[in-house]
Amino acid sequence: MKSGRKKVKQQSYYDYSMLILVIFIVAFGLVMVYSASSYTAQTKQEYNYDAAYFLKKQTWAVLLGIFAMLIVSKFDYRLLIRPIGHLKIRLVTCLYLLSIVLQIVVLFTGKELNGSKRWLNIAGMGFQPSEITKIAVILYTSYLIYKAPRAMNKGLGVMRVFIFMLVPIMAVAIENFSTALVIGVIMAGICFVSSKKKWFYGIAALLCTGIGGLFIVLGGAYRVERFEIWRNIETHEKGHQIRQGMYAIASGGMFGTGLGQSMQKLGFIPEAFNDMIFTIICEELGLFGAIAVVSMFLILIWRIFIIAVNAPDLFGGLICAGVLIHIALQVILNICVVTNFVPATGVSLPFISYGGTSVSILLAEMGLVLSVSNRIESR
Amino acid sequence: MSVINLSKEGRIKTFQKRGMAFVVIMFITLAVVLICRLSYLMICKADYYGEIARELHERERAVKAKRGVLYDRNGTVIAGNVSVSTISVIHSQIKEPERVIEVLSKELGLDAEYVRKRVEKISSREKVKSNVPKETSDIIREYNLAGVMVDEDYKRYYPYSTLASHVIGFTGADNQGIIGLEVTYDKYLQGQDGAILTLTNARGIEIENAAENRKEPVNGKGLLLSLDINIQQYAEQAAKKVLEQKQAKAASIIVMNPQNGEIYAMVTTPEFDLNNPFSAPETDSDGTQNGDYENKSGKKLSSDELNAMWRNPCISNTYEPGSTFKIITAAAALEENVVKLDDTFSCPGFITVEDRKIRCHKAGGHGAETFKQGIMNSCNPVFITIGSRLGVDNFYKYLNRFKVLNKTGVDLPGEAGTIIHKQKNVGAVELATVSFGQSFQITPLRLMATASSIVNGGHTVIPHFGVGIVDDETDRIEKIQYESESGVVSEEVSQTMRSLLEAVVSEGTGKKAYVEGFHIGGKTGTSEKLPRRNGKYIASCLGFAPAENPTVMALVLVDEPQGIYYGGTIAAPVIGELFENILPYLGIEKDSAVSLEE
């Protein structure tokens with residue numbers, strides 16, 4: 001047994017190709033953030049008229065994230081579920097509790113931005129606790145299932161996981177519905193993967209759609225209005241951002257206007273470097289650029305999938321599955337929103353959209369996946 | 001190390017791998033669907049959204065088209081354009097604000113504080129003054145101040161300022177006609193504005209080095225009018241004179257060619273200043289003074305007062321024509337053969353129609369008289385008699401044939417229609433009053449157009465000003481066609497009417513319109529304004545010359561003269577005076593035989 005473990009360490013499978021791919025996507029993201037944000041930055045006093053204002057902030061977050069990714073990837077991910085020292089508590093549980101606490105703190109002391117309290121200020125740096133919740137949910141769900149995988153074939157076992165996860169998800173949902181939705185789908189996805197009774201999820205998905213539909217029809221005006229905007233994107237006065245995004249996408253054509261040549265980023269699309277950055281990619285790089293970006297994400301997802309199915313244990317496999325769902329879901333949702341395929345929700349494009357917390361946490365997640373890849377026994 | 005569970009329980013099972021594969025395949029499928037959606041947007045919808053986006057990015061700087069020029073019949077410009085400039089400042093480009101304020105306030109004659117406010121306002125572009133004369137803007141341009149923009153523009157300019165103001169009309173800020181001929185011929189005069197298209201960002205700031213897209217303006221076409229500034233000026237003087245002498249409320253004169261309907265002059269006093277159409281006319285203005293194109297801070301008028309001032313009573317007001325209408329009754333009776341020139345009538349000073357006693361204007365009556373004398377005396381009982389001989393149906397047949405019930409179709413906006421009893425409601429009393437020009441209302445121009453068709457040999461005319469559309473680039477004139485119907489009255493009746501009306505001027509009530517050496521026909525009229533017996537009258541006189549083949553016809557209306565109000569006393573001399581001036585001008589020669597006779 002001992003010699004076997006040594007053998008694993010020597011011939012560890014560290015997915016360098018994926019590491020390179022991630023770094024490439026992140027670097028591309030920095031270029032696009034600079035392209036999309038420089039006009040806004042240099043015309044507003046609050047950004048000191050500095051064209052590179054957003055680029056600088058994002059670069060720091062990316063460097064921090066890459067550092068975290070490399071560190072995390074070198075540690076054994078299984079340390080997360082080991083009891084710390086003599087205490088009976090595990091790291092994964094700590095992270096789970098921490099995310100709930102942070103989410104509650106942000107509700108009371110958070111910085112309000114665009115009408116929602118989503119930001120916490122720690123040591124002069126703002127960050128979004130909801131991003132922490134994403135990684136915490138991925139890890140804790142995986143851990144719960146790993147502890148009792150057979151329970152996932154029974155309704156009660158699934159309910160247990162759901163109840164545990166309901167707490168952080170609801171805490172996020174109060175201020176940020178779309179992120180809560182993403183987290184919920186990640187959790188449900190992990191459960192789906194681990195369960196033998198797939199048909200159950202089919203029914204559950206149908207039920208959720210039904211309930212969601214009812215909620216939309218009978219629910220508050222805010223969400224009904226979203227649907228109104230979605231259906232009348234070209235005429236509704238509040239559809240401005242998406243409408244402008246559509247203009248950007250469509251004016252890109254086959255090969256785009258060229259990097260840095262977007263017209264729509266010149267104040268027409270508000271905050272083009274955030275959730276709308278894909279529209280600027282389309283305008284500047286055209287359909288080919290857009291397909292290239294989607295392809296990069298598909299390759300990344302494929303790499304994570306390979307690691308997931310080859311993971312040494314269920315915990316590692318489920319972590320990879322969670323990260324995979326997280327990235328894929330956000331890519332799909334983001335593009336759906338900017339092409340007006342679904343009603344607008346605030347979902348960013350992973351690794352590329354401006355947002356320090358998001359990119360750092362995503363890179364840390366990639367560190368976890370690399371860590372799992374590091375434990376794959378080569379046969 | 002037993003914590004790390006490597007037992008079979010902790011391994012990934014095949015169904016879990018399948019689950020992961022299912023998730024990945026689902027995402028790949030979704031990604032493919034999205035790529036299809038993107039392709040649809042970026043290929044099929046590219047033109048549609050691209051066009052909207054370009055409109056969004058392009059800013060249009062209009063290049064104004066020159067408005068077409070109005071020429072009178074001699075080719076004199078009566079409505080042209082002058083170059084003016086708009087001075088504006090661009091806050092972000094100003095380098096020496098103090099100097100800019102100093103120069104602009106000095107050259108434009110503006111208050112320094114007013115300029116300072118504009119210079120210091122943070123906006124992309126702030127207008128300081130518009131309609132600045134070219135000389136001033138040239139001086140400002142020579143200072144070469146950073147951040148000061150001089151944009152050239154055209155402004156409508158009327159060299160004769162008040163001349164024929166109601167007819168010519170004026171234009172608004174967007175180069176569109178507001179009243180008069182400027183409205184009727186707007187589509188020819190306007191031309192098409194050009195544009196310079198530049199790319200801008202969302203705040204409207206132009207992007208440097210972006211290609212400019214230029215669309216050249218198409219200048220408006222010119223318009224040749226039948227109006228003659230000399231006749232118009234004669235007429236204006238005559239109108240002004242009678243207005244002052246009789247202290248009347250208003251005086252109108254129309255001069256027209258009865259053969260083809262070309263209007264030589266149309267005057268309504270008081271006229272207003274076309275270069276300053278929103279301020280009240282200056283009472284002591286000499287009418288020909290060149291107004292400058294600065295906005296005078298004249299008295300502010302309410303919109304009702306403005307509309308009253310701009311109203312052209314010659315076409316927009318109706319009145320009871322009174323005795324001048326007897327021309328129509330006489331022509332109808334002659335054409336229908338119900339009366340002969342030597343038929344005799346007897347006028348005791350009144351006539352009884354049904355139970356109503358209708359008076360003649362001569363209290364004692366005209367006694368026994370022929371039809372010809374009846375016209376010369378303008379005797380009411382004579383016309384009531386021939387009216388009843390015609391009967392209602394015949395009378396209305398001729399009103400229709402003479403187009404009295406229709407609008408004239410003059411090329412001016414705002415023409416009023418005829419107000420008259422419905423044929424089925426006309427009894428003997430109504431027929432009697434209509435026969436001598438009462439109890440219905442027509443416009444002065446309608447009367448002239450119908451009188452023209454009676455004396456010109458019997459063809460209808462459409463009174464008009466527009467003669468041709470002038471292409472200034474090729475100097476070609478495209479004639480404007482007007483319809484004409486013949487057979488209104490026979491040539492014989494027309495001939496009879498001309499000699500009858502000549503007799504009115506040479507011997508009858510129109511004696512004062514007589515000009516020595518000319519054959520002039522005419523008819524006078526006096527209408528009591530409604531309500532009756534308030535002492536307000538309109539004195540009118542219609543005249544034409546030469547009587548045997550009329551080429552000029554004039555109608556004078558004096559509204560509410562003080563003192564004597566008879567058309568023959570007040571309006572007829574105006575016709576005489578006018579003809580004395582314009583007949584030689586129009587090249588109508590004196591007939592020496594007439595002079596000898598007298």
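Reader: Which does B:Thr524 count as, buried or exposed?
Author: This is a predicted model, in which local features need pLDDT of at least 70, side-chain atom pairs count only at pLDDT 80 or more, and totals for chains, interfaces and linings use all residues. Residues are numbered from 1 along each chain as its sequence is written, chains are lettered from A and ligands numbered from 1 in the order in which they are written, and side-chain values use heavy atoms, with hydrogens and water left out. Buried means under 20% relative accessible area, exposed over 50% and partly exposed in between, for a 1.4 Å probe and protein chains only. Because its relative accessibility is 6%, B:Thr524 counts as buried.

Reader: Which residue's side chain does the side chain of B:Thr524 join in a polar contact?
Author: B:Thr524 lies in strand β17 (residues 521-528) of chain B, where helices (H or I, at least four residues) and strands (E, at least two) are DSSP runs numbered from the N terminus. Not counting residues up to four places away in sequence, B:Thr524 touches several residues, including B:Ser323, B:Gly510 and B:Cys541, a contact being heavy atoms within 4.5 Å. A polar contact is a pair of N or O atoms within 3.5 Å, where within protein one must be able to donate a hydrogen and the other to accept it, and residues adjacent in sequence count only if both atoms are side-chain atoms. At 3.4 Å, the side chain of B:Thr524 is joined to that of B:Thr509.

Reader: What distance separates the C-alpha atoms of B:Val461 and B:Glu262?
Author: B:Val461 sits in the loop between α16 (444-455) and β15 (466-471) of chain B, and this residue is buried, with a relative accessible area of 8%. Among the residues that B:Val461 touches, leaving aside those up to four places away in sequence, are B:Met256, B:Pro258 and B:Gly261. Although B:Val461 and B:Glu262 are 199 residues apart along the chain, the separation of their C-alpha atoms is 8.9 Å.

Reader: How many of the 19 residues of α5(A) are buried?
Author: Helix α5 (residues 129-147) of chain A reaches 27 Å from its first C-alpha to its last, close to the 27 Å expected at 1.5 Å a residue, where the expected span is 1.5 Å times one less than the number of residues. The helix is largely enclosed by the rest of the structure, because the number of its residues that are buried is 18.

Reader: How much area do chain B and chain A bury between them?
Author: The contact takes 46 residues from chain B and 62 residues from chain A. Buried area is the accessible area (1.4 Å probe) that two parts lose on being put together, summed over both. With 76% of it on carbon and sulfur atoms, the area that the two chains bury is about 4,800 Å².

Reader: Which three residues supply more of the area that chain B buries against chain A than any other three?
Author: On the side of chain B that touches chain A, α1 (14-44) and α2 (46-57) each supply at least two residues, and the largest share, 22 residues, comes from α1(B). The leading three supply 14% of the area that chain B buries against chain A, and they are B:Phe27, B:Met42 and B:Tyr49.

Reader: How many salt bridges does the rule find across the interface of chain B and chain A?
Author: A salt bridge is a side-chain nitrogen of Lys or Arg within 4 Å of a carboxyl oxygen of Asp or Glu. Between the chains, four residue pairs are in polar contact, both residues at pLDDT 80 or more, whereas the number of salt bridges found across this interface is zero.
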